[in-house]
Amino acid sequence: MVSVYLDHNATTPLHPAAREAMLPWLGEQHGNPSSIHRFGQAARNAVEEAREKVAALLGARPPEMVFTASGTEANNAVLFHVARARASGHLVISSFEHPSIREAAARLEKDGAFEVTRVSPGTDGVVAVEAVVAALRPDTRLVCLMLANNEIGTVQPVAEVAAACRERGILVLCDAVQAVGKIPVSVEALGVDFLTLGAHKFHGPLGAAALWVRKGVEISPLLVGGSQERRRRASTENVPALAGLGAAAAAAAAELPARTAHLAALRDAFEAELPRRVPGAILHCTGSPRLPNTSHVAFPGVEGEALLIRLDIAGFAVSTGSACSSGTVEPSKTLLAIGLSREEALSSLRVSFGMTNRPEEVEAFLAALAREVEAIRRLAPASVLSGGA
Amino acid sequence: MGTSEMGLTAVAMSGGLDSSVTAWLLAQSGRPVVGLSMLLWDQSGVEANGRCCGALDLGDAKRVAQQAGIPHYTLRMDQEFRQQVVDPFVSDYLAGRTPSPCVRCNTWIKFDLLLEKARSFGAERVATGHYARIVEGPDGPELHTALDPDKDQSYYLFELSRQQLAASLFPLGEMTKPEVREIARRAGLVVAEKGESMEVCFVAGGLREFVEAQVAEHPDRFAGAAARLDQPARLVNAAGTELGEGQPYYRYTVGQRRGLGLAAKSPLFVLAIEPEENRVLVGPEEELLAPGLRGERLHWIGREPAGPVEATVRIRSRHPGVPALIRPREDGTPGTVEIDFAEPQRGVTPGQAAVFYQGTRVLGGCWIQGRL
């Protein structure tokens, strides 16, 4: 049976180098990095080696890296730190941030001490620098802007926003979870104060992520009860996962130009061929700076949920939006934010290519897509085809 | 026909024992199968609006699907379920009727909306864990009772059409519950020891409390109802004599004996509920006996008969059935009937379904308006 995975923005398969780095810690080796004995020393060494590799990928210094269990935890840690440190004030976030930022901000707003301004992207899927600057206030404590959107893949003007914030002494958090490993990411070039990444989005393991905190910027721990991570995150380190994260970071650094080229070639082949194979398909935000691997397509008159399920039954894994814990489908907030109607949003699919995809898989996918869209259109009443209701 | 040429079958999976065994059996038969679960009603207390919702019982459905080796998808159908099942359920109580929501769920949700969704995924049929049989007759598919009379659920399926039956599968129709459980045990399904599901799946506590909560939560849907909810009903006998004040009218059910709070020489029963008058009619047991019923929203599974029909009629799901004559109403209102029982029956309850049988075959049915 066909089995083609085209949902790499949800998660990616493990890189062989990451697997190799993890295996000793799932087998013959074990140790608590905080232990004084040699078991602990070896584990400590594995964690610090990983820290160096992740820092190197970002052009950062190893002590600036705080390991966490997830990108969500890392993002939460920053927002709740700011809330503790500043007690009250104003936050600016883009309206299509990851829920770990949106909902953390909403909680601070609900608790009453913080006001939140949500800046929407334009129809090009990009948040305008001027719109963020216009939202800044004297009491703005933090600005959150993702580097690349998880659904439509558009790259945001983080460096420009960070420059404007720096002049005003406002901290900036950049969620780079979707960008790291796909495009070059340099904390210095971005000029932000906090940056987050997650291993499993770039062929590392689940359960390992990192928060970069600019030297001199304070971060109080979200989790307390231990002195790990220089007292910035209590918990015994997840040694195997962090070893995998380090190896995945090193592999990403070494392979980055080849990755970008491979992914862009797959995506460009898909997007070039799509209009011919599936008439009426609409690609979103192709004119904007984008990740090399992400296509977001609307199929007017076709229910995205039905198309996703048909493709899955046929052996092709794609997504209609961000992955959801209960597996149900709701219109994507991101697509609504870039000005699509509910119907258009519900007719869209996200295709995110990965390093293990081959050109012949793109070809097979196009054929399946054409077949399944046609089958749905045959079933659909004319009113749906014309986009009514 | 080899299994490879068989079209895709969608199994409605609730996470319960019956639908799990249905999915497992179909997957074992080698035909292509996909599991579908419906998110109908969120009881987790998590506001579901625009967000990922609580997984409810559907986690078990997902696990069974993995055990059966089939893909599984959860479909959000809570809005339609509310419109087609929950709101009419509440409205029935407010109108003094005792509703039968499972029939509406089968008619409008499982074998309509779910079937339509399944077709959009490429499926040809929907299979469910119902205990009933579909038998190919001379004029098309017929609905029949399950072989196990204790589990028979054909009553709840009487509103299906031939087209719906043609696209349905009930693999458990020839099995008994112990056999089904044994299959689950032998297959090692995670739901093998699960008990029976709740009577009304969307009501966790008391029915009357549910009605009150719904009216309080959605006053717009049940206009004017809130004001009447706490008014005590007047309890009157057949002669019109007021016997006292009771609870609000919607808390009573026809045939109810307990909880009337009236002192009388012989036990009193609820005979009828009259919401407009805010009255509950009570009387001795013999007055519960009705010679027949008036029905509306008549449905025939096959062709509509030209004249009166003799059939066994079940007036609630657990009713053994009574021989009866089903005849068009004298005023000729379309979709209405009068039914004469061969013997008077207790508890003709407005809001329940009257389902017509000839032998094991379900001919159709109607909704009870009142007694004759």
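Biologist: Leaving aside neighbours within four places in sequence, with which residues is Leu36(B) in contact?

Modeller: The model is a predicted one. Leu36(B) is in contact with Ala10(B), Val11(B), Ala12(B), Met13(B), Tyr73(B), Leu75(B), Leu114(B) and Ala118(B). The criterion for contact is that the C-beta atoms lie within 7 Å.

Biologist: Which residues touch the most other members of the largest nonpolar core?

Modeller: Ala23(B) and Leu36(B) do, in a core of 133 residues. Membership requires burial and a link through C-beta atoms within 7 Å. Apart from that core lies another, of 84 residues, including Ile101(A), Leu145(A), Val172(A) and Val213(A). In soluble globular proteins, nonpolar side chains tend to be buried together.

Biologist: What share of the residues of chain B count as buried?

Modeller: The share is 45% of the 372 residues. A residue is counted when 20 or more other C-beta atoms lie within 10 Å of its own. Of the contacts in chain B between residues at least 6 apart in sequence, 64% join residues at least 24 apart.

Biologist: What makes E3 and E7 of chain B edge strands?

Modeller: The open sheet has the order E3-E2-E1-E4-E7 in chain B, with parallel pairing. Strand E3 (72-76) and strand E7 (168-169) of chain B each have a single partner strand, so one side of each is left without a neighbour in the sheet.

Biologist: How many bridges join E2(B) to E3(B)?

Modeller: There are 5 bridges between strand E2 (residues 33-39) of chain B and E3(B), which run parallel. Pairing requires at least two bridges. Met38(B) has Leu75(B) as its bridge partner in E3(B).

Biologist: Which domains does the assignment give for chain A?

Modeller: The assignment gives domain 1 (4-12 + 256-385) and domain 2 (16-251) of chain A. Their C-alpha centres lie 28 Å apart. The contact takes 28 residues from domain 1 of chain A and 25 residues from domain 2 of chain A. By class, the domain 1 side has 9 nonpolar, 15 polar and 4 charged residues.

Terms used:
Residues are numbered from 1 along each chain as its sequence is written. Chains are lettered from A and ligands numbered from 1 in the order in which they are written. This is a predicted model: local features need pLDDT of at least 70, side-chain atom pairs count only at pLDDT 80 or more; totals for chains, interfaces and linings use all residues. A residue is buried if 20 or more other C-beta atoms lie within 10 Å of its own, exposed if 12 or fewer, and partly exposed in between; C-beta atoms are placed from the backbone. Two residues are in contact if their C-beta atoms, placed from the backbone, lie within 7 Å. Domain bounds come from an automatic or database domain assignment. Ala, Val, Leu, Ile, Met, Phe, Trp, Tyr, Cys and Pro count as nonpolar, Asp, Glu, Lys and Arg as charged, and the others, Gly among them, as polar. Helices (H or I, at least four residues) and strands (E, at least two) are DSSP runs, numbered from the N terminus.
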